[in-house]
Amino acid sequence: MRSGGTRSSPYAAVRVRPAAAEAHPPTSVEVRGDRGPTEYRVGVTRTPAYLAAVASSAVPGLDAVAVRASRGAPGNRCDVGFVTDTQRRAWVVRVPTTAAVGAQLDTAADLLPLLHRRVPFSVPMPRGFLAVPEGRAVVYAYLHGRSVVLSEVVPGPGVAAEIGRAIAAVHNVDRAVFDEAGVPVYDAETCRTRHLADLDRGAATGHVPSALLSRWERALEDVSAWRFAPTPVHADLSGGRFLVTFADEEDPETASVRAVTGWEHAKVADPADDFAAIEAECSPETFESIVEAYSLARIERPDRHLRHRAKVVSELRLLTRLLDAVHAAEPPLITRRAAELRVLDERTSNGPDLVVSEPSAPRMPAAAAPPASATDVPPEVRDDDTQLLKTGTAADPTAVIPAEELDRLRAEPAAAPNDDPASWYEVLEPAPSIDEAESSMDLVEEEVEEEIEEEVTTDDRLDEEDDADEDDEAEPRSIEAEVTEVLDAAGTEPEPASESAADAEPTENDEASATQPVRQRKAASRPRTTRRRR
């Protein structure tokens, strides 16, 4: 059933496998056909006695007393037998049918010992090997559980959520574990080009409808959907690969995945590969429940095109099966796979395309300016107005200062603090502009240079006076000339001197008394910034 709803029995979505003791009587060797699919969907080309002998030779101490071979669908890759020994232990023996399958069994045998401690469920652990012409036969311990029928899984907690968490546990495994086992590694572009190569091979067979080829080609050429981080994947998940148990036989929500089998195709590739069978067989509601549980259990966030690629890969699985049948040269199987492709072509002829349409981001409309009313008159702002800021948490930088407040603030001294608690304004001294700062620096430098020149002139004049005292013929300089020279250097007008001062002969004390006031006036006339600078 594909519709949702509650189930009264937990067996609706699972299929019970025969118990090992009942399937393998200890007193006889027989072959039984299993009508229902299990996790080991295989066909038999070797006799049951051969499979029992392989198991006894591969595992020391295994004495087979019963064997059961499974008859599955054509095109299976291994011969599988279920063996019971004298201690009533159950075993599974897998013998490859081709050298390629033998290589896959060897790779899985290297991966499973590294994987079993890193996932929350059991995996088949190899117990023994035996060389065969196609490679090596492998013997595993039998894993108990019920196979899952994906078409019967209901959405919500229970089997669906457990499947999603089990897939997430596989994808959360460190890539180094798979690299150490030597499994294939494919990046995103390689995965896409491999699918395109399968399209070319499928077109060459003549069994693939042209509409399907065009549909898949458009989906694969949409590069935006094929951008993902390569992830460790099982790559062959189906309902029969999951073995489920229940803590409460009457409560379907107590289900848990006990084991996952069939690791021969494990690799590092597209995470959507593990959702192909689930997307094809489950209802849309169940598929969303599985993906939701998967997303919550992942360490890294899944890419947004995971569902889309799962849909594409689920359809391409039919093409892969056709190519396998053509490679095996089995005409009945080729006819069956070609019929499945024709059914898919009829079902998708009127359906939506597989191309991802990227929604364009909507443009935000520009904010319209509020209409100006006739009463809104901009306030008059004068250039000499003092910069005022309104204090408080609800200050508005665009507020207009009232005229009476502005006049009151101008009347107060700028350095006086504002003690009025009713005032909402605070006077801030405007910072000097760059031009004013540069002019001030130039003025300081000019005054320093003038002061140095004045000191040099004074020293020269004192030296000349000493020479004049020694030389009787030299004419003494008057105090008025010295004062005039100093004032000229300072850039001020000389005051008129009295006749007595002009006619008097200069002395050393008179010179000091005449020169000292000029220097004091010079120092007092300097700006405050000059004294701070020095």
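## The nonpolar cores

The largest nonpolar core of this predicted model has 54 residues, and those with the most contacts inside it are Phe 121, Ile 163, Phe 178, Phe 242, Trp 263, Phe 275 and Ile 278. A nonpolar core here is a set of buried Ala, Val, Leu, Ile, Met, Phe, Trp, Tyr and Cys residues joined through side-chain atoms within 4.5 Å, where buried means under 20% relative accessible area, exposed means over 50%, and partly exposed lies in between, with a 1.4 Å probe and protein chains only. Helix H4 (residues 159–171) gives the largest share of this core, eight residues; helices (H or I, at least four residues) and strands (E, at least two) are DSSP runs numbered from the N terminus. Apart from this core lies another, of 30 residues, among them Trp 216, Val 313, Ile 334 and Val 356.

In soluble globular proteins, nonpolar side chains tend to be buried together.

## Basis of the model and the chain as a whole

Residues are numbered from 1 along each chain as its sequence is written, and side-chain values use heavy atoms, with hydrogens and water left out. Because the model is predicted, local features need pLDDT of at least 70 and side-chain atom pairs count only at pLDDT 80 or more, while totals for chains, interfaces and linings use all residues.

The protein chain has 17 helices and 13 strands, and of its 534 residues 38% count as buried. Among contacts between residues at least 6 apart in sequence, 72% join residues at least 24 apart. The chain exposes about 31000 Å², of which carbon and sulfur atoms supply 51%; accessible areas come from the Shrake-Rupley method with a 1.4 Å probe, and for residues only the protein chains shown count as cover.

## The five-stranded sheet

Five strands form an open sheet in the order E2-E3-E4-E6-E5, with antiparallel pairing; two strands pair if DSSP finds at least two bridges between them. Strand E2 (64–69) and strand E5 (126–132) stand at the edges with a single partner strand each, so one side of each is left without a neighbour in the sheet. From one strand to the next the twist averages 25°. Within the sheet, strand E3 (residues 78–85) and strand E4 (residues 90–96) run antiparallel and are joined by seven bridges, and Asp 79 stands opposite Val 95 in E4.

Helix H2 (residues 48–58) packs on the sheet, touching E2, E3, E4, E5 and strand E6 (135–141), and its direction makes about 115° with that of E5. Helix H3 (residues 99–115) lies across E3, E4, E5 and E6, running at about 45° to E6. For these angles, axes are lines fitted to C-alpha atoms, for helices over the stretch in contact, and angles run from 0 to 180 degrees between N-to-C directions.

## Strand E9 and its partners

Four of the five residues of strand E9 are buried, so this strand is largely enclosed by the rest of the structure. Strand E7 (residues 146–148) pairs with E9 in the antiparallel sense over two bridges, and Ser 147 stands opposite Leu 243 in E9. Strand E10 (residues 255–260) also runs antiparallel to E9, joined to it by five bridges, with Thr 245 opposite Ser 256 in E10.

## Helix H9

The 14 residues of helix H9 should span 20 Å at 1.5 Å a residue, and the end C-alpha atoms are 20 Å apart, which agrees; the expected span is 1.5 Å times one less than the number of residues. The buried residues of H9 are Thr 286, Phe 287, Ser 289, Ile 290, Val 291, Ala 293 and Tyr 294, and what covers them includes H4, helix H8 (276–281) and H10.

Glu 292, found in the same helix H9 (residues 284–297), is exposed, with a relative accessible area of 51%. The C-alpha atoms of Glu 292 and Gly 156 are separated by 9.8 Å, although these residues are 136 residues apart along the chain.

## Two alanines with positive phi

Most residues other than glycine have a negative phi. Ala 235, however, has a positive phi near 75°; Ala 235 lies in the loop between strand E8 (231–233) and strand E9 (242–246) and is partly exposed, with a relative accessible area of 23%. Ala 329 has a positive phi of about 55°, and its place is in the loop between helix H10 (306–328) and helix H11 (331–348), where it counts as exposed at 57% relative accessibility.

Key. Contact means heavy atoms within 4.5 Å.
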